[in-house]
Amino acid sequence: MAEPARIPPDTRSGAFDAHHPPSTDLVNECVHCGFCLATCPTYALWGEEMDSPRGRIYLMKLGLEGQVRLDPTFVNHMDNCLGCMACMTACPSGVKYDKLIEATRAQIERNYNRPVPDGLLRRVIFDIFPRPERLRLLLGPLRMYERSGLQSLMRRSGVLKLLPASLRVMENLTPSAPRKTNCAVLPERMEAQGERRLRVGLLLGCVQRVFFPEVNAATARVLAAEGCEVVIPRDQCCCGALMIHAGEEKVALDYARRTIDAFERVRVDTVVINAAGCGSNLKDYGYLLRDDPKYIERAKAFSAKCRDISEVLAGLEPRAPRHPIPLKVAYHDSCHLQHAQGVRTQPRAVLGKIPELQILETAEAALCCGSAGIYNLVRPGPAKELGDRKVRNVLATAPDIVASGNPGCLLQLRTGIRLVGSQVPVVHMVEVVDASIRGVAAESLLKR
Ligand code: SF4
Ligand code: SF4
């Protein structure tokens with residue numbers, strides 16, 4: 001991975017270098033009212049002002065004024081933030097916290113030397129997770145680990161407790177290895193059923209295409225059944241979401257350019273995303289590539305075409321008949337859908353079209369489940385506390401199944417639900433729609 005450019009110290013802005021420090025204008029928009037505090041997961045956990053949105057914005061202001069440095073205390077408060085953007089939904093002044101934390105994190109990655117174990121863990125994550133071909137190499141050993149019985153032995157014996165927290169969390173979160181990879185299942189193009197209503201491109205996602213190929217397959221089937229011609233560019237890469245949310249700006253922008261190139265070549269009306277973290281990143285390309293004269297206009301045009309699968313389906317009058325699914329589904333809002341993209345009603349509207357499906361609302365729905373990109377790997381303690389809290393709230397509704405719209409949330413909820421000894425399945429919401437259109441028995445969803 002390329003080294004980020006170091007900015008000469010004489011061009012610094014307080015504690016920050018001159019390359020997009022957090023904007024003073026945006027910082028000054030915070031009027032310190034505190035309306036955001038109640039929805040901030042880290043404030044809910046610790047009640048610490050500097051771990052609230054208002055406190056973090058104040059720290060950024062002190063950084064801009066040169067009153068604090070990018071030292072371990074500053075970095076710790078920024079690292080504690082999940083980037084869930086619940087504060088943006090709550091803020092009456094419209095403070096763009098997403099732009100502030102993104103700029104601050106990029107500054108930290110360029111100008112702060114992380115302790116070796118932390119830096120190494122991040123390198124491993126960024127060298128593997130955005131690379132489906134590397135993730136796929138893990139599938140063979142993972143299958144052996146599961147099928148040899150070693151996994152259940154390790155989990156029962158308590159040996160895992162001896163591992164460092166991050167490795168323990170990784171083991172717990174690792175999903176079952178699917179039998180087939182997505183590229184082997186999905187063609188490059190799927191015909192629309194009936195008269196074509198849209199030509200759409202499908203973003204496969206990195207973790208999604210390797211560990212949840214059934215979600216991508218369900219998405220493509222549902223779109224085709226609803227009259228969309230589906231194009232799946234073979235040369236699509238990671239969209240850069242994990243990296244941009246963690247401050248790895250240069251690599252993230254390279255991925256953004258390659259993603260735009262891949263989808264421009266296939267000329268689609270809409271780019272469909274079924275992973276909320278990827279969706280919020282793609283919709284922001286116009287901003288992220290603002291310094292690149294070759295890409296800025298193309299990036300804006302690309303972002304304007306991006307839609308979550310629930311937005312696409314909510315915008316199309318259902319054409320494919322829905323069969324009844326007599327189940328109770330607890331719908332979990334992913335933060336990057338509800339807060340970052342403002343998509344709350346569409347998934348419910350889409351699920352609401354399924355006969356006999358009962359949608360259950362959970363308590364504290366605005367609160368993050370603790371997954372948050374790489375957060376549950378680099379901050380396993382608070383991530384688990386939030387995960388346990390979310391699982392308690394979800395299971396309190398007594399659902400038959402749980403549905404969500406983001407692979408990170410699916411992993412976090414599946415793990416948390418398994419660890420409390422429950423067998424309630426967690427699926428992507430599009431899998432429920434797919435099962436309804438295909439007339440699959442409700443029991444098949446219960447066997448996930
Ligand atoms: S993004 Fe989430 S964790 Fe971070 S300050 Fe806002 S509400 Fe708190
Ligand atoms: S709600 Fe908005 S204006 Fe009020 S303290 Fe939070 S970020 Fe600042």
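Author: A residue is called buried when its relative accessible area is under 20%, exposed when that area is over 50%, and partly exposed in between. The model discussed here is predicted.

Reader: Why is D292 called buried?

Author: The relative accessible area of D292 is 14%. The limit for a buried residue is under 20%, so D292 is classed as buried.

Reader: Why is R257 called partly exposed?

Author: R257 has a relative accessible area of 22%. That class lies between the limits of 20% and 50%, and R257 therefore belongs to it.

Reader: How do you know that R298 forms a salt bridge with D261?

Author: The closest N and O atoms of R298 and D261 are 2.9 Å apart, and the cut-off is within 4 Å. R298 lies in helix α19 and D261 in helix α16, so this pair ties together parts that are 37 residues apart in sequence. R298 itself, at 26% relative accessibility, counts as partly exposed.

Reader: What makes D79, E109, R114, D118, R122 and R379 one network?

Author: These six residues are joined by salt bridges that share partners. One of the pairs is D118 with R122, whose side chains meet at 3.1 Å, N to O. D118 and R122 both lie in helix α7 (residues 116-128), four residues apart, about one turn of the helix. In the whole structure, 36 salt bridges are found.

Reader: Which classes of accessibility apply to D118, to R122 and to D79?

Author: D118 has 21% relative accessibility and counts as partly exposed. R122, with a relative accessible area of 7%, is buried. D79, which lies in helix α4 (residues 72-80), is buried at 9%. Beyond residues up to four places away in sequence, D79 touches R105, R114, D118, R122, Y375 and R379.

Reader: How do you know that strands β6 and β7 pair?

Author: Pairing requires at least two bridges. Strand β6 (residues 328-331) and strand β7 (residues 358-360) have three, in the parallel sense, and K328 stands opposite Q358 in β7. β6 also runs parallel to strand β8 (residues 401-404), again over three bridges; there the bridge partner of V329 is I401.

Reader: What makes β1 and β5 edge strands?

Author: Five strands form an open sheet of mixed pairing, in the order β1-β3-β2-β4-β5. β1 (189-190) and β5 (306-308) each pair on one side only. Helix α14 (residues 213-225) packs on this sheet, touching β1, β2 (198-202), β3 (228-231) and β4, and its direction makes about 145° with that of β3. Strand β4 (residues 270-273) and β5 run parallel, joined by three bridges, with R307 in β5 as the bridge partner of V272.

How values were computed: Residues are numbered from 1 along each chain as its sequence is written. Chains are lettered from A and ligands numbered from 1 in the order in which they are written. This is a predicted model: local features need pLDDT of at least 70, side-chain atom pairs count only at pLDDT 80 or more; totals for chains, interfaces and linings use all residues. Side-chain values use heavy atoms; hydrogens and water are left out. Helices (H or I, at least four residues) and strands (E, at least two) are DSSP runs, numbered from the N terminus. Buried means under 20% relative accessible area, exposed over 50%, partly exposed in between (1.4 Å probe, protein chains only). Contact means heavy atoms within 4.5 Å. Axes are lines fitted to C-alpha atoms, for helices over the stretch in contact, and angles run from 0 to 180 degrees between N-to-C directions.
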